[in-house]
Amino acid sequence: MMDRLNIVQKTVVAIILAGLAMIVIIPLLFFLTVSFSNATEMSQFPKNLFPSTTVTVYVEPEEDGAYELFYDYGDGNGYTSVITTSSADKLENHFNRQYGITIDGEELLADFEQTRTDGPMEFSYKKDMLYNFKQFFKIIPNAGAALKNSIIVSLLTILISLTFGSMAGYAMARFHFKGREQINVALLIVRMFPTVGISIPMAMLLIRMGLFDTMLGLALLYSVPNIALTSWITSSIFIGINKELEEASLVFGGNRFNTFMRITLPLAFPAMAASSMYSFQTAWNDTISALILTSENQTLALVVYKAIGTTSSGIQYAAAGSIVLIIPALVFTFIIRKYIGQMWGGVEL
Amino acid sequence: MSYLEIKNLQKRYTKNGPLIVDNMNLSIEKGEFIVFLGPSGCGKTTTIRMISGLEEVSGGDILIDGESIIDKKPRERGVSMIFQSYAIWTHMTVFDNIAYPLKLQKLPKAEIKKRVEAAAKATEIQGLLKRYPSQMSGGQRQRVAVARAIVVEPKLFLMDEPLSNLDAKLRVSMRTELKKIHTAQGSTSIFVTHDQSEAMSMADRIVIMYKGKIEQIGTPMEVYHDSATRFVAEFIGTPPTNFFDVVIEKEGDGLIASGDGVRYRVPQKLYNAMLPYVGKKVDMGVRPEFMEVSEDMEKREGYMADTVVNFVEPQGSHSILITNIGNTVAKIHTIEHMDMRPGTKIAVNVKNDNVMFFDCDTSFRIK
């Protein structure tokens with residue numbers, strides 16, 4: 001399309017696209033920066049767009065083996081006095097909490113010794129970039145378990161949705177039975193229910209089944225709308241797969257089962273990948289159902305949600321938690337992107 | 001006992017629905033190349049799908065080598081099939097496509113490789129074994145389908161309009177190719193098509209079907225020169241046979257076929273057969289190739305009508321003259337009068353008594 005535009009039109013289009021991209025990218029970038037920021041940087045204004053990798057302090061020697069630390073907050077006042085101490089523990093603590101630097105206090109004192117002979121000077125230390133991430137898992141002790149739970153519930157949801165959804169989709173595509181249209185519409189209606197709306201009855205049901213606060217119970221709830229969606233997506237693909245491909249397999253030695261496994265399923269793989277993406281998304285992103293249906297076994301999204309909601313200071317830890325939540329989703333999407341491209345990329349089946 | 005025996009075969013898609021295949025009986029000998037020919041919806045594809053087991057049989061029996069196969073699964077019947085869409089699996093390489101039936105038979109790897117390579121050689125696709133079907137042309141995919149079909153060494157080869165997706169030129173060359181492979185493999189084949197020139201050029205015998213029934217079984221020469229029914233006479237031949245509604249009248253010691261613009265003396269050899277039809281309406285059929293044109297309006301032996309040429313369609317090797325005889329449009333195949341001008345008055349004669357009469361009720365040929 002770009003080829004048909006003249007230079008002015010091209011420029012306008014480019015500017016609009018760049019603007020749109022900025023709207024999307026800048027908040028994400030800022031968020032990423034926050035997750036790498038230490039407490040001191042968090043209190044600064046304006047904030048940097050890119051995270052710093054080192055921290056520089058100005059040190060003046062004081063009496064009794066003490067040192068006075070100065071830090072430049074970037075507010076135009078230059079170096080400001082922060083702390084005066086001779087205690088290794090205090091220094092270590094300060095560097096850790098305020099700057100996100102993991103370093104031994106004795107080592108700092110040894111470094112500062114230099115100022116006794118050479119006079120006041122600056123010292124630069126490397127930031128521990130993963131400090132917030134470590135801190136997130138430290139502050140919220142069940143975050144590790146929650147990450148595991150999220151992965152389990154996502155895989156279970158994908159498994160349940162794909163198994164039942166693709167079977168339903170295949171039946172819908174290949175067999176003409178009584179009530180086929182009705183089931184088709186019913187599947188769509190199931191998807192119309194907001195998950196929150198059915199959470200309370202689901203909770204009661206799961207408690208009775210002994211599946212309350214389990215990942216299987218949660219996966220069952222997430223699968224309800226996704227089985228419907230999966231069967232819709234897959235049945236349209238199954239319809240598109242020429243029946244002769246299956247018939248050829250039947251003539252050339254296949255039975256119904258290995259024909260489905262060796263011929264139909266691989267050909268429908270892009271549809272499976274697309275459906276699994278939706279299932280994953282439901283299970284990975286949900287907080288509200290998890291809030292209602294779990295107590296001990298929380299999912300990562302719920303944990304991050306709670307971290308954001310309850311911490312007034314240390315929002316950088318919550319940001320780190322959010323990044324932890326985003327990365328697996330990104331990885332998953334990139335893995336299956338190729339197959340979804342096949343589905344909507346016009347590749348002949 | 002014939003190799004393949006079809007007995008009173010019937011097919012209905014719904015209970016009490018119409019018979020798609022209506023009491024079909026057919027015997028095929030080993031090594032024959034049989035073509036099922038007919039317009040779409042005549043039941044030819046349904047029939048070979050019943051032979052392959054992809055379609056259930058509603059009545060009758062099918063026997064291969066004296067053994068009934070109708071209760072067997074498709075994979076147990078020892079048949080192989082080439083589909084209209086080729087049905088090549090796009091997620092497998094050419095090698096895997098051809099090897100699929102052998103892998104399911106759990107043959108040793110070395111043997112699979114040997115047989116796949118032999119099949120690839122026979123179909124001239126040795127160089128393509130590692131490729132995926134999406135990287136291949138229609139003709140090459142067709143060859144893969146053929147290779148897969150011959151690799152299983154089937155008792156019976158079924159081909160369901162395998163050439164209809166190819167372009168015209170390739171179709172003609174693949175015809176020869178398929179016939180060559182059939183002969184080289186010594187297989188027994190059934191080929192379904194609605195293209196009469198395909199049928200004529202490939203078949204040992206043609207089975208012409210119409211509305212679920214067999215109209216005629218015969219060699220290409222037989223169905224052309226000795227059509228059994230009006231449908232066959234109309235379906236075989238390009239352009240199709242010209243038909244005229246005539247009434248048989250007695251005149252002296254001969255019979256006259258007389259109709260709208262037509263007056264034709266029935267040949268002596270048909271006299272006895274036509275005698276019962278005196279005073280009745282029959283269909284008279286004359287192939288365009290057997291119509292002779294005389295510009296001098298001379299009523300020669302076999303004279304049937306006077307007319308005026310409306311259009312001329314030159315075909316290079318011959319021309320088709322389009323005329324109206326009475327209210328019927330008649331096409332005449334000519335090599336003598338290729339550059340005739342439209343508007344020329346001509347007399348039309350039937351060459352060498354090459355005329356066919358058909359009963360109006362049964363549509364059977366009267367002879």
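**Entry 1: domains.** I began with the division of chain B, which falls into domain 1 (4-235) and domain 2 (242-359); these bounds come from an automatic or database domain assignment. The centres of domain 1 and domain 2 of chain B, taken over C-alpha atoms, are 40 Å apart.

**Entry 2: reading notes.** I am looking at a predicted model, where local features need pLDDT of at least 70 and side-chain atom pairs count only at pLDDT 80 or more, while totals for chains, interfaces and linings use all residues. Residues are numbered from 1 along each chain as its sequence is written, chains are lettered from A and ligands numbered from 1 in the order in which they are written.

**Entry 3: chain B overall.** I looked up the extent of the C-alpha trace of chain B, and along its principal axes it spans about 80 × 45 × 35 Å. Chain B holds nine helices and 21 strands; helices (H or I, at least four residues) and strands (E, at least two) are DSSP runs, numbered from the N terminus. Of the 367 residues in chain B, 41% are buried, meaning that 20 or more other C-beta atoms, placed from the backbone, lie within 10 Å of the residue's own.

**Entry 4: a sheet.** In which order do the six strands of the open sheet in chain B run? I read 13-12-11-14-20-21, with antiparallel pairing; two strands pair if DSSP finds at least two bridges between them. Strand 13 (262-265) and strand 21 (365-366) of chain B each have a single partner strand, so one side of each lacks a neighbour in the sheet. Strand 11 (residues 242-251) and strand 14 (residues 281-286) of chain B are joined over six bridges in the antiparallel sense. There I found B:Asp245 opposite B:Asp283 of strand 14.

**Entry 5: helix 1.** Is helix 1 (residues 44-52) of chain B mostly covered or uncovered? I found it mostly covered, with eight of its nine residues buried. Among them are B:Ile48, B:Arg49 and B:Met50. After helix 1 of chain B comes B:Gly53, with a positive phi near 95°.

**Entry 6: where chain B touches chain A.** I checked the contacts (C-beta atoms, placed from the backbone, within 7 Å), and 20 residues of chain B are in contact with 16 residues of chain A. Strand 6 (79-82) and helix 2 (94-104) of chain B are the elements giving two or more residues to this side. By class, the side of chain B that touches chain A has 11 nonpolar, seven polar and two charged residues. Here Ala, Val, Leu, Ile, Met, Phe, Trp, Tyr, Cys and Pro count as nonpolar, Asp, Glu, Lys and Arg as charged, and the others, Gly among them, as polar.

How values were computed:
Buried ≥ 20, exposed ≤ 12 C-beta atoms within 10 Å, placed from the backbone. Contact = placed C-beta atoms within 7 Å.
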